[in-house]
Amino acid sequence: MGSGGTAEVFRAARGFDSSPLYRHLLAVVADEPALVELAERTRPGQQPTFALFGAVHQLLLGGVTDPLAAYYPSVVGARARPVDADTGRAFTRFCLAHADRIAAILATRLVQTNHVQRSLVTRLGLALLRRATAAPVCVVEVGCSAGLNLRADRYAFSVGDSTVGDYASGGRWSPRGSRVHIRVDVPDGRLLPDLDRLPVVADVVGVDLDPPDLTDPEDRAWLRALVWPENAHQAALLAEAMRVVADDPPRVLRGDVADIGAEVAASLPAGLPRLVVHTATRIHVPVDRRPAFDAAVAAFAADGPMLHLALEDDHRIAPSGRAGIGLTATDAAGSRRIAVADGHLAWLEPLPELGTPIVLGAPK
């Protein structure tokens, strides 16, 4: 991607509604050639907006002292300065002063936001499968980062005005037993399946290019840095989920799904239904690799009926008029959009197609 293309990525970026700081800095980067050049050090396929902002945030959270920190609630708390005429200059000075350290982060890290709220997609998929079959199911997440969202059956969810159960010690289900409680604004929960009625999970596996190690402080720090400075609730959820998953990590395999997808699929119990999920993953796949990515995901249906849920960057308008991302379901009957959601799953608006029964069988 040339400098003109990178600048345009920052200029045209959307979805930063919950971060006034980052919304302001998008234009700052786009208009400063030195910052654009630095952002181009991002690894191929990765979104330079998230990567550059995450690298700067990691340095500030790690204790680098600079006037820029005054604009970051994640660093200085409630006394953080609002965006003003000096914000862009402070950011530019910081990036140029620490360009080598930022470039080193960009060269070695992937954008692995792993927002725990997105585990609602997995929970929704499990409930949809349970409505279709009583068989045990296998769960696969592509681009799973540290595998936090693979434990969706162990988290509590407040969806609209309802709280759905969560896994508690001893295998009991309790609305207050989970250490991770996710709240999602759903204006019409009647369209959702019963999120408390889940199938037996026979196997769980994640695939990621470079899975973070939750026992590694640097890996945990990078995941924390990818949470935007204003989003304290997301940071708290992430910290709690990292503790839960570190106690009982799912199986996570390192590699490109286009290369190892067939091997992963063959490792699953043959004939069992499988839920395959990816959220904000395909957006980070280089364009020329996306056909191979899509083919590898589709191939998980070779040895068992598959429900494929994808929350990706196709920019849809929800029934309420809110701008979000489409959630697409694919089964043996084909693909359909079943909801529109905020990219971080702060809200989800179901569409009538969510009520269409899942069809398990050979994919069309």
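I count helices as DSSP runs of H or I with at least four residues and strands as runs of E with at least two, numbered from the N terminus. By that count, Leu345 falls in the loop between β13 (334-341) and β14 (348-350).

**Ground rules**

I am working on a predicted model, where local features need pLDDT of at least 70, side-chain atom pairs count only at pLDDT 80 or more, and totals for chains, interfaces and linings use all residues. Residues are numbered from 1 along each chain as its sequence is written, and side-chain values use heavy atoms, with hydrogens and water left out.

**Entry 1: positive phi**

I looked up backbone torsions. Most residues other than glycine have a negative phi. Leu345 has a positive one, near 65°. Is Leu345 buried or exposed? I take buried as under 20% relative accessible area, exposed as over 50% and partly exposed as in between, with a 1.4 Å probe and protein chains only. Leu345 is buried, at a relative accessible area of 0%.

His315 is another non-glycine residue with positive phi, about 50°. I find His315 in the loop between β10 (306-311) and β11 (316-317). His315 is partly exposed, with 34% relative accessible area.

**Entry 2: Val121**

I followed Leu345 to one of its partners. Contact here means heavy atoms within 4.5 Å. Val121 touches Leu345, and also Val277, Thr279, Leu309, Leu311 and Leu327, with residues up to four places away in sequence not counted. Val121 sits in helix α8 (residues 119-132). Val121 is buried, at 1% relative accessible area. I also checked Val121 against Thr356: 235 residues apart in sequence, 17 Å apart C-alpha to C-alpha.

**Entry 3: α4 on α6**

I turned to helix packing. Two packed helices are described by the angle between their axes and the distance between the axes. My axes are lines fitted to C-alpha atoms, for helices over the stretch in contact, and angles run from 0 to 180 degrees between N-to-C directions. How do the axes of α4 and α6 cross, and what is the angle? Helix α4 (residues 48-61) and helix α6 (residues 87-97) have axes that come within 11 Å and cross at roughly 80°. So α4 is roughly perpendicular to α6. The classes are under 35 degrees for roughly parallel, over 145 for roughly antiparallel, 65 to 115 for roughly perpendicular, and oblique for the rest.

From α4, the contact uses Leu52, Phe53, Val56, Leu59 and Leu60; from α6, it uses Phe91, Phe94 and Cys95. I get 8 nonpolar residues in this contact, no polar and no charged. Nonpolar covers Ala, Val, Leu, Ile, Met, Phe, Trp, Tyr, Cys and Pro; charged covers Asp, Glu, Lys and Arg; polar covers the others, Gly among them.

I then listed the buried residues of α6: Thr87, Gly88, Ala90, Phe91, Thr92, Phe94 and Cys95. Their cover includes α2, α3 (33-39), α4 and α7 (99-108).

**Entry 4: α2 on α4**

The axes of α2 and α4 are 11 Å apart, and the helices pack at an angle of about 110°. That makes α2 roughly perpendicular to α4. Tyr22, Leu25, Leu26 and Val29 of α2 meet Thr49, Leu52, Phe53 and His57 of α4. This contact divides into 6 nonpolar, 2 polar and no charged residues.

Ala30 also lies in α2. Ala30 is buried, with a relative accessible area of 8%. Neighbours within four places aside, Ala30 is in contact with Ala7, Phe10, Arg11 and Val36.

**Entry 5: rings**

How many aromatic pairs does the structure hold? I find 8 aromatic pairs. Rings of Phe, Tyr and Trp (its six-membered ring) pair if their centres lie within 6.5 Å; planes under 30 degrees apart are stacked, over 60 edge-to-face, and the rest tilted. Phe16 and Trp228 form a stacked pair, 4.7 Å centre to centre with 15° between the planes. The pair links distant parts of the chain, 212 residues apart: Phe16 in the loop between α1 (3-12) and α2 (20-30), Trp228 in the loop between α9 (217-225) and α10 (232-247). Both Phe16 and Trp228 are buried. Ring pairs join Phe10, Phe16, Tyr22, Phe50, Phe53, Phe91 and Trp228 into a cluster.

Last, I looked for a charge over a ring, counted if NZ of Lys or CZ of Arg is within 6 Å of the ring centre and within 35 degrees of the ring normal. The charged end of Arg322 sits over the ring of Trp347, 4.3 Å from its centre.
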